[in-house]
Amino acid sequence: MRRISEEITRKIRIDPQLERAGWVLRDHSKVKIEIPVDGYDAEPWNGVTDYCLYRENGEVLAVVEAKRTSVDVRLAEAQLTHYVTEIEEHQTFRPFGFLANGHEIYFVDVGVSAKREVFGFFTREDLENLLYIRQNAKPLSSIEINNEIVDRAYQHEAIRRVGEAFSQGKRKALIVMATGTGKTRTTMGLIDVFMRSNQARRILFVADRDALVEQAKDDGFEKFIPNEPCTRLHSWDDPNARTQRLYAVTLQTLSNIFEQFSPAFFDLIIFDEVHRSIFNRYSEVLKYFDGYMIGLTATPASYIDRDTFESFGCYDDKPTYLYTYEQAVKDDY
């Protein structure tokens, strides 16, 4: 009976979710169902994966462990870990994993990061990108900060604090810097470090006003990171032509087009003036994307509401990095 219930969940809920991410079930070069895994006794898991997702050369990119909707799918993590560890013995890398029950989907990168809930399955391109990052990433702390982009000590400290937070397993960070202290340059310095460390290959800058988006593109990307292709996103763009590395967009536009992207399309997303722009009807953007997220604001920390702190992983009401107006005056900035 349990097996029948799981089959129904797969057919009605999980199959369509995979199809939306480009995993065409009838294309067995991409997806195969109930694949035996060597090296198991028959019990307790019978040694059969629910879905295997393949790269073009036939290696398994990811394993999906599916359970019926009434089951807390996180309880299947040990089973999934066993599968991907065994498959790793027969190919050049360890596959990624997904835990799914039709309502929730968790992404698992065994031995690299803790499982996390995601909005949907990742595409083949997403998983190839994540594999490249896993195999080539360097610690953010090992990358020298470019002084031609940021040359002030507090800007360097902001970049290092964010790097420390992410190295500890966090996925979000909040930077509070007084107006006029160089948030744009600090942001470009951060992006430069992320790209040279191979920790991010597609980056999105989001702001709530046209002027801030244009500033990020013209005075940020093109000035400080001139060798990387960049663009501003518009609602009328062809989704299939988005091949740049650096993107800028208004939050209003992003709220209309975000579902044209897969949840893992961007490796890093930066939200400017986040205290006033990310909530209400725009909060769905935060929930949809899976990449690292950094919030920026010049509003004094004492004026930022708790929701903003918690949305960026700062549960003690303290930002990841704080540079106050008073300190900036003291430092003659």
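Here are some exercises on this predicted model, each with a worked solution.

Residues are numbered from 1 along each chain as its sequence is written. Local features need pLDDT of at least 70, side-chain atom pairs count only at pLDDT 80 or more, totals for chains, interfaces and linings use all residues, and side-chain values use heavy atoms, with hydrogens and water left out.

**Exercise 1. Find the order of the strands in the sheet that holds β1, and say which strands stand at its edges.**

Step 1: Strands (E, at least two residues) and helices (H or I, at least four) are DSSP runs, numbered from the N terminus. Two strands pair if DSSP finds at least two bridges between them.

Step 2: Read off the order. Six strands make an open sheet, β1-β2-β3-β4-β5-β6, and the pairing is mixed.

Step 3: Look for strands that pair on one side only. Those are the edge strands, β1 (31–36) and β6.

Step 4: For angles, axes are lines fitted to C-alpha atoms (for helices over the stretch in contact), and values run from 0 to 180 degrees between N-to-C directions.

**Exercise 2. Follow the pairing from β1 to β4 and work out in which sense each pair runs.**

Step 1: Start with β1 and β2, which pair in the antiparallel sense over five bridges. Ile35 has Thr49 of β2 as its bridge partner.

Step 2: Move on to β2 and β3, which are antiparallel too, joined by four bridges. Here Tyr54 has Val60 of β3 as its bridge partner. The two strands form a hairpin with five residues between them, and Gly58 in the turn has a positive phi of about 95°.

Step 3: Finish with β3 (residues 60–66) and β4 (residues 96–100), a parallel pair with five bridges. Ala62 finds its bridge partner in Phe96 of β4.

Step 4: Now bring in a helix. α2 (residues 77–88) packs on the sheet and touches β2 (48–54), β3, β4, β5 and β6, with its direction at about 155° to that of β3. Contact means heavy atoms within 4.5 Å.

**Exercise 3. Why does β2 count as largely enclosed?**

Step 1: Set the cut-offs: buried means under 20% relative accessible area, exposed over 50%, and partly exposed in between (1.4 Å probe, protein chains only).

Step 2: Count the residues. Six of the seven in β2 are buried, so the rest of the structure largely encloses this strand.

Step 3: Ser302 sits in the loop between β12 (292–297) and α10 (306–311), and Ser302 is exposed because its relative accessibility is 68%.

**Exercise 4. Describe the seven-stranded sheet and the helices that go with its strands.**

Step 1: Write down the order, β9-β10-β8-β11-β12-β7-β13, an open sheet with parallel pairing.

Step 2: Check the ends. β9 (230–232) and β13 (321–323) each have a single partner strand, so one side of each has no neighbour in the sheet. The twist averages 15° from one strand to the next.

Step 3: Zoom in on one pair. β7 (residues 172–177) and β12 run parallel, joined by five bridges, and Ala173 has Ile294 of β12 as its bridge partner.

Step 4: Place the helices. α4 packs on the sheet, touching β7, β12 and β13, at about 160° to the direction of β7. α6 (residues 210–224) lies across β8 (203–207), β9 and β10 (246–250), running at about 170° to β9.
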